[in-house]
Amino acid sequence: MTQASDTQATRRRWLLLSPALLILLFAASGPLLIVVLYSFLTPGDYGGVVWKFSTDAWFNVVVERDFFDDTLSFSDAHLSIFWRSVKLSLMTTLVAFIVGFPTAYFIATRPKDKRDIWMLLIMIPFWTNLLIRTFAVMEIIRNEGVVNSLLIGLGIIDQPIQMLFTEFAITLGMFYVYLPLMVLPIYAAMERFDFSLVEAAYDLYASRWRVLRRVIFPIVKPGVIAGSILVFVPSLGAYVTPRVLGGGKQLMLGNLIELQFGQGRNWPLGAALSITLLAIVMVALIVYVRAAGREEMSHG
Amino acid sequence: MIEISGLSKTFGLGANAFTALDDINVEIRQNEFFTLLGPSGCGKTTLLRSIAGFVDPTSGSLTIEGQDVLPLPPYARPVNTVFQNYALFPHMTVAQNIGFGLEMQDRPKAEIKQVVGEMLELVQMAPMADRMTSQISGGQQQRVALARALAPRPKVLLLDEPLSALDFKLRKEMQIELKRLQSETGITFVFVTHDQEEALTMSDRIAVMSSGRILQIGGPKDIYDHPAERFVADFIGDTNFLEATLQSVAGEVATVTLPSGKTVAARAVQGGGQSGAVTLAVRPEHAVLTKESGLLDGVLENIVYFGTDTHYHITLDGGSAFVVRKQNQPNTGEGFEVGDKVGVSFEAGVGQVLRD
């Protein structure tokens, strides 16, 4: 092949790649670079940034300067929000798995023509507006809501149980909102699962629990990993659900970031927090996927 | 060893009810290679799955070495199954697959390792021990499935058409291999197949099934030479059916009159109780063709050469068809030609009177 046609082939390859590259550049890398850049600038008085280099924002992510005497201390407020975000996201993922796995199993073991109807029932809430779904959860758990009215009406309790504006409320809301994201990939894995393997395991003296643990779970594990990531990542950055169900008292990372870009008028800090969120997600994913992979090695 | 009596299974309810097993009675002996033979849908797999515990019979009893196993779940029964599609665990290696049953029985690690080693040797898969099951051929998967089912030393090994996915040559090899494994391990094999040749070559005894019932149980030669019913005669090998009239029965010997008016001795149906019009079955290779008039007379319609033997298709006087099979010998010009008037004869006791 000649030099010229070689170059031509290369050029054609770049041309074919260009749509993907453009999207990567303008929709992913570009905005991300702007956020990184902003995190190293100085906040403007009325929001925005002043083009002056500063590392204050990164400093302020974990440390706070006392307003009066300039002494430094760990930013308890920020750290507790980080911790709460990670904790509630893990809880959400766990609960979604505990409910989602049997749900996916149930659907996958129905007759073929019935499965789509069950999946539709799972998917319908997902097509509803997020705010509406969140307010629906609110309506159920608020002090004058369905649950409390019922319990008081039955004479089980005298005073309503405070469920709204608690961490429980946020976890419940996120679980409800993200459950389909757990069910779908597990169902997809289970639908391909060969259930004659279950019979083979039963036949080879495995009890029901061991069949689940040693045969079904390892084979559908890629679906579980995908579902966990799909639930954990948006939970960590959730904004609407903690805002509505946490009532502004139980902030999560998403709310903290919004606060800095809004009322806080500290765009660099908001940018730095965003990058921190991204970092937490990436570290969590790496740890999770590694751990999942290692378990596979030891079990075979 | 395995005693099954009055076993029935009905799927569905009311008008949709389907009887898969209809009053099955059979006793399978220790160390026996027992085959359930029948066309698809005859209930043979349902019967096998009832023994394994995957099907809950509607009524009847099933005991293994005197123990009633019907209340037991599959994992508590002393039987293992080789599945039609092998059902090997795709996330485990060959060795882990073979060791799975022992592991589930919580045997000591050292014992598992030793037994897995023995099993790998037995099925000649030792070099493949650490391969994943997706990395081995169909025949090798078959061996692994066998080893996995044999490793826990079950009292009974159930085999659900295990050879049907293999090509012809491999199937022949595995037939011999299975026979060898059965005699080496001394385990009772219950084998399900729809392949009559497979059943005849491998089995100690065969149960021929149709429509959820066992029609006949017997050794391969017994089943082939003396089919009790038209279905059995038809399903196993080729058969000529003759309409005949029963004259008398004395023990096992029945005297029948053929359509040609000639009389011959044949084997009577067990239990007897027949009279008048009966059907007589004669295997094509048990009859001889003559140029002179025989027990039956007819016209030679067609000659089909098969290499090892030749099939002569005859239309008998009266219109019914008859086939004679003759083994080919070197340098024998029989001199039969299409259109010749020929006679067909068979010896006394060769024909079998069929149950109505």
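1. In this predicted model, 28 residues of chain B are in contact with 20 residues of chain A. In chain B, the residues that lose the most area to chain A are Tyr75(B), His91(B) and Met104(B), which together account for 33% of what that side buries. The size of an interface is often given as the accessible area lost when the parts come together. For chain B and chain A that area is about 2,100 Å², with 58% of it on carbon and sulfur atoms.

2. Polar terms across the interface can be listed as follows. There are three salt bridges between chain B and chain A. Arg210(A) forms a salt bridge with Asp106(B), and the closest N and O atoms of that pair are 2.7 Å apart. The rule also finds 10 residue pairs in polar contact across the interface of chain B and chain A, with both residues at pLDDT 80 or more.

3. Which elements of chain B each supply at least two residues of the side that touches chain A? They are α1 (44-52), β6 (79-82) and α2 of chain B. The largest share of that side, five residues, comes from α2(B). By class, the side of chain B that touches chain A has 16 nonpolar, seven polar and five charged residues.

4. Helix α2 of chain B, residues 94-104, deserves a separate entry. Nine of its 11 residues are buried, so the helix is mostly covered. The buried residues of α2(B) are Val94(B), Ala95(B), Asn97(B), Ile98(B), Gly99(B), Phe100(B), Gly101(B), Leu102(B) and Met104(B).

5. What covers the buried residues of α2(B)? The cover comes from both chains and includes α8 (196-203) and α9 (208-236) of chain A, together with α3 (109-122) and α4 (138-150) of chain B. Asp106(B) follows α2(B) and has a positive phi, near 60°. Asp106(B) is also the partner of Arg210(A) in the salt bridge given above.

6. On the side of chain A, Ser196(A) is found in helix α8. Is Ser196(A) buried or exposed? Its relative accessible area is 16%, so Ser196(A) counts as buried, the cut-off being under 20%. The side chain of Ser196(A) makes a polar contact with the side chain of Asp194(A), at 2.8 Å. Leaving aside its neighbours within four places in sequence, Ser196(A) is in contact with Asn85(B) and Ala87(B).

7. Phe97(A) and Phe101(A) both lie in helix α3 (residues 76-108) of chain A, four residues apart, or about one turn of the helix. Phe97(A) counts as partly exposed because its relative accessibility is 23%. Phe101(A), at 9% relative accessibility, counts as buried.

8. A further pair is in chain B. The rings of Phe89(B) and Phe100(B) have centres 4.6 Å apart and planes at 50°, so this pair is tilted. The pair links distant parts of the chain, 11 residues apart: Phe89(B) is in the loop between β6 and α2 of chain B, and Phe100(B) is in helix α2 of chain B. Phe89(B) and Phe100(B) are both buried. In chain A, Tyr38(A), Phe261(A) and Trp267(A) form one aromatic cluster.

9. Thr193(B) is in strand β8 (residues 188-193) of chain B. Its relative accessibility is 1%, so Thr193(B) counts as buried. A polar atom of the Thr193(B) side chain lies 2.9 Å from the backbone nitrogen of Asp195(B). Leaving aside neighbours within four places in sequence, the residues in contact with Thr193(B) include Thr35(B), Leu36(B), Lys44(B), Glu161(B) and Ala199(B).

10. The C-alpha trace of chain B spans about 75 × 50 × 35 Å along its principal axes. Of the 356 residues in chain B, 51% are buried. Among contacts in chain B with a separation of 6 or more, 66% are between residues 24 or more positions apart.

Terms used: Residues numbered from 1 in each chain as written. Chains lettered and ligands numbered in written order. Predicted model: local features only at pLDDT ≥ 70, side-chain atom pairs only at ≥ 80, totals over all residues. Heavy atoms only, no water. Buried < 20%, exposed > 50% of the residue type's maximum accessible area, 1.4 Å probe, protein only. Contact = heavy atoms within 4.5 Å. Buried area = accessible area lost by both parts, 1.4 Å probe. Salt bridge = Lys/Arg side-chain N within 4 Å of Asp/Glu carboxyl O. Polar contact = N/O pair within 3.5 Å; in protein donor to acceptor, adjacent residues only side chain to side chain. Nonpolar A, V, L, I, M, F, W, Y, C, P; charged D, E, K, R; others polar. Phe/Tyr/Trp six-rings, centres within 6.5 Å; stacked < 30°, edge-to-face > 60°.
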